[in-house]
Amino acid sequence: MEGKRRVNWRILMLALCMILVFSGLSFRIWWIQTVDAAKIMDYASGQWDWEKTLKPKRGAIMDRNGEILAYEGKAYTVNARLKPQNEKDQDFVKDPYYTAQTLAKILNAPVDQLLKPLTKPNSKVVLLGRWGSKITEEQKKMIQNAQFPKLPSGEQVETNQLPGIYLTETTRRFYPNNSFAAHVLGYLDIDDQPKMGIELQMDEALRGEKGEMEVMTDGAGYQLPDGERKYKPAKDGDNVYLTIDRQIQDYVEQALDKAERDFKPKGLTVVVSDPQTGEILAMGNRSQFNPNTYYNGITNYTNHAVTTMFEPGSTFKIITLAAAIEEGLFHPNDTYQSGTYTIKGQIPIRDHNNGQGWGRISYLEGVQRSSNVVFVILGYEKLKLEKLKDYFAKFGIGSMTGIELPYEKKGNLINLEKPQSPRDWAVTTFGQGVTVTAIQQIAAVGAIANGGELLKPHIVKELRDPHTGAVLKRSEREVVRRVVSAATAKQTRDILETVVEGDAGTGKAYQIEGYHVAGKTGTAQKYDPNTGKIMEGHYIASFIGFAPKDNPRLLVYVVVDDPTTDEYYSSWGRLIIAPIFKSIMERSLQYLQQQPDIQAAKTASSKTGKSETAPAAQPPVQEVTLPKFVGMSNTAAQLRAKQDQLTVSVIGTGTKVVEQYPAPYEKVATGSQVVLVTDRVKGSKMPDFTGKSLRDVMEFGSLVNIPVKATGAGFVASQSIPPGTVLAGTEMIQVTLRSESEPPPANPNPQTGGPEGQGGEDQSGTSATPPVNTQAGTEAGGTGGTPPPSNSQDSANSGTGQTVPPDTSTSP
């Protein structure tokens, strides 16, 4: 009986245990399916689902001919493991000091800066800061060689000499030409954020669009069949083609390097444009920086060409002159008394030679000598305030040009908008009491060079698909407004040529043998940004000029800020600015195959006493405006082109013109070649590019959608596809360029004529001597502008043109 009771008890206990177990399991299952369901599902999804953001490749930046100026390439990040993963792991940093010493030589880093992360307590894995971020392929190989060096016998060491150091692959921005056009390009920082220049302005197009991918995997990480849930490919950034021509930019960089080395100015700016299209062919500043190593420190973040505002001085007289001619108020043979001009109750406005003047002279001679008085007569007396304001506004002064670069400033016309006295706006006629940027000056004078049309300047030529090369967007010639008539522009150009070529001209140092150069010198005083007062002995000198005069191919503006020299500032133009201008202009015209005017060369030779045999002068070149050939029949377009004495090259075998180069309404010289693309490109014949520029080849390749590759520099010496070959549309053109010839040697007997200085404009054959009166002698000729303290983003030489006290200097 007792045994039966024990059995029943055991059965009861077992049953109770089973009930408790199953109750617990049931409760656990309920808990998992309800309370922990969301948490467990998230954990499971983390094992099943794999998501990744797909990074696009940043677009490249290229010059107008396809030469790469910036691109995204492979790079590596240096990591250091400071703690072993387990007891057997030996791959960790055992000797931080030796590791830091070895890496410092490779990474160009201070040893102590590498020791800090390598000796961090309680850290398992560390980065080596910016020193080890995004290193190059060459540095990677050097680290690998340090890890496994070769013995003198040639055998490779098998034991890692730098344990714990490993590399992860990433990307970085490369600028293959280092500091070349750095202010135009800008740079990417360590976090791939764009800073300055095109990198910032065109960031949206360059960066592309991120993609994403989501798939389902098994526990081992392998994708399940049909496990792809989402896939959006990354869209690579567009390639940005600039209007910059690498060869012309190189001429600018060389000239700036030499001037900076010889004279150490506080600032240097050069802008080169095509005045017929508004395209910027080169833009350079000093001081400079290398965007590859921006972290070493940038002393000048400012692109002076678009951001720095300054008083232009006498280069501004071009606008006053053009306005007076347009209104019929300028008569070259009329005379006036030079020296001083007095407005009742105001401080006299003086000519730049201490108010001495040149007696009674003609208006034309006054312009040639850069007389302030004649421009006050033209602007203050004849044009008057409202017309002066209207013309300055028409020429774009006081407004931003809209060029594709960040931080552009618009300058100001405060002495016209809010004059405190008649004298305030009188002095604006010769460039005082007004501030501009270099790009505004380029646009304004470009209107005179191209026949009277103010064009929007462009530095971005087009956007192209990085894979197909198809043009996505192209900058066209953009007319803002007509500012003066073609006849006025022509007369202004003729007068500006006499500033350079005439006996009384202040720009004789800027003559280039064989080319008709027109332009204007200028000098302006600088202001203390803290006090707004004129800084005695500190000046900004400049020259703006174009050539050839009657059909300008190039417009060059050179601005020099406060060079370090013992020479008096009136000789800065001859000694500093003229060599820069002439080097860039002459070499660039030769590069563009602009034939010199034989008659001009003979005239120049006769002036300098040289005797040389030259071929007969060529007939004068006429300028024509291209009609719109697009939409015409092939035959009609060719007949029309020949009527304008143009050479025609037809691409394709179609009957209708669908594209043309140059673009419609551009101005070209008679005899120029016009390329017409028909509606059937297949079957086109390969032209003969021998002796042509790379630009011609690139334009052809763009029109027929055939890729172009080039080697060398200069002009085409050979091409991979023989001339006359019928094209199928699947070819690639390979051209070899012959080396650029060295520039002609400097004239051993340079002309003594120099540009105007702040205190006087050099005349040929005369030496510049400082004025006796230390309060006189600036090119502005008056006291018309004391600027307030400049904005922190503006240059120290910015000015607003407010009235200055009577004891300040006058300017030439």
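# Close-up views of a predicted model

**View 1. Lysine 134 in its loop.** Lysine 134 is buried, with a relative accessible area of 13%. Like everything shown in these views, this residue belongs to a predicted model. Lysine 134 sits in the loop that runs between strand E4 (125-127) and helix H5 (137-147). Its phi is positive, about 55°, although lysine 134 is not a glycine.

**View 2. Glutamine 593 between two helices.** The loop between helix H18 (572-591) and helix H19 (598-607) holds glutamine 593. Glutamine 593 is not a glycine, yet it has a positive phi of about 60°. Is glutamine 593 buried or partly exposed? With a relative accessible area of 35%, glutamine 593 is partly exposed, because buried means under 20% and exposed means over 50%.

**View 3. The protein chain as a whole.** The protein chain has 812 residues, and 52% of them are buried. Its secondary structure comprises 21 helices and 31 strands. Among the contacts in the chain with a separation of 6 or more, 71% are between residues 24 or more positions apart.

View 4. The UniProt record, an unreviewed entry, lists residues 12-31 as "transmembrane region". In the model, this stretch is 100% helix and 0% strand.

**View 5. Histidine 183 and its surroundings.** Histidine 183 is part of helix H6, which covers residues 182-185. This histidine counts as buried, at 4% relative accessibility. Which backbone atom does the side chain of histidine 183 reach? It is the backbone oxygen of asparagine 300, at 2.9 Å. Neighbours within four places in sequence left aside, histidine 183 is in contact with Met196, Gly197, Asn285, Ser287, Gln288, Phe289, Asn300, Tyr301, Thr302 and Asn303.

**View 6. Two cis peptide bonds.** One of the contacts of histidine 183 is Ser287, and the peptide bond from arginine 286 to serine 287 is cis, with omega near 10°. Serine 287 lies in the loop between E12 and helix H10 (304-307). The peptide bond from alanine 547 to proline 548 is also cis, with omega near -15°. Proline 548 is in the loop between strand E22 (534-547) and strand E23 (554-561).

**View 7. Glutamate 279 in strand E12.** Strand E12 spans residues 279-286, and glutamate 279 is in this strand. Glutamate 279 counts as buried, at 13% relative accessibility. Apart from neighbours within four places in sequence, its contacts are Arg64, Thr243, Val272, Ser273, Asp274, His458 and Lys461. How many residues along the chain separate glutamate 279 from serine 475? They are 196 residues apart along the chain, while their C-alpha atoms are separated by 9.2 Å.

**View 8. Histidine 352 in a loop.** Strand E15 (349-350) and strand E16 (360-362) have a loop between them, and histidine 352 lies in this loop. At 1% relative accessibility, histidine 352 is classed as buried. A polar atom of its side chain lies 2.9 Å from the backbone oxygen of arginine 369.

**View 9. Helices H11 and H13.** Helix H11 (residues 317-326) packs against helix H13 (residues 372-394), with the axes 9 Å apart and at an angle of about 80°. This angle makes H11 roughly perpendicular to H13, because angles of 65 to 115 degrees count as roughly perpendicular. From H11, the residues at the contact are Lys317, Ile319, Thr320, Leu321, Ala323, Ala324 and Glu326. From H13, they are Asn372, Phe375, Leu378, Gly379, Leu383, Tyr391 and Phe392. These residues divide into 9 nonpolar, 3 polar and 2 charged.

**View 10. Helices H16 and H17.** The axes of helix H16 (residues 438-450) and helix H17 (residues 486-501) cross at roughly 100° and come within 7 Å. The two helices, H16 and H17, are therefore roughly perpendicular to each other. Ala447, Ile448 and Ala449 in H16 meet Ala489, Thr492 and Arg493 in H17. The residues of this contact comprise 4 nonpolar, 1 polar and 1 charged.

Conventions
Residues are numbered from 1 along each chain as its sequence is written. This is a predicted model: local features need pLDDT of at least 70, side-chain atom pairs count only at pLDDT 80 or more; totals for chains, interfaces and linings use all residues. Side-chain values use heavy atoms; hydrogens and water are left out. Helices (H or I, at least four residues) and strands (E, at least two) are DSSP runs, numbered from the N terminus. Buried means under 20% relative accessible area, exposed over 50%, partly exposed in between (1.4 Å probe, protein chains only). A polar contact is a pair of N or O atoms within 3.5 Å; within protein, one must be able to donate a hydrogen and the other to accept it, and residues adjacent in sequence count only if both atoms are side-chain atoms. Contact means heavy atoms within 4.5 Å. Axes are lines fitted to C-alpha atoms, for helices over the stretch in contact, and angles run from 0 to 180 degrees between N-to-C directions. Angles under 35 degrees count as roughly parallel, over 145 as roughly antiparallel, 65 to 115 as roughly perpendicular and the rest as oblique. Ala, Val, Leu, Ile, Met, Phe, Trp, Tyr, Cys and Pro count as nonpolar, Asp, Glu, Lys and Arg as charged, and the others, Gly among them, as polar. UniProt positions are given in the numbering used here, feature names are shortened, and annotations may be inferred rather than shown by experiment.
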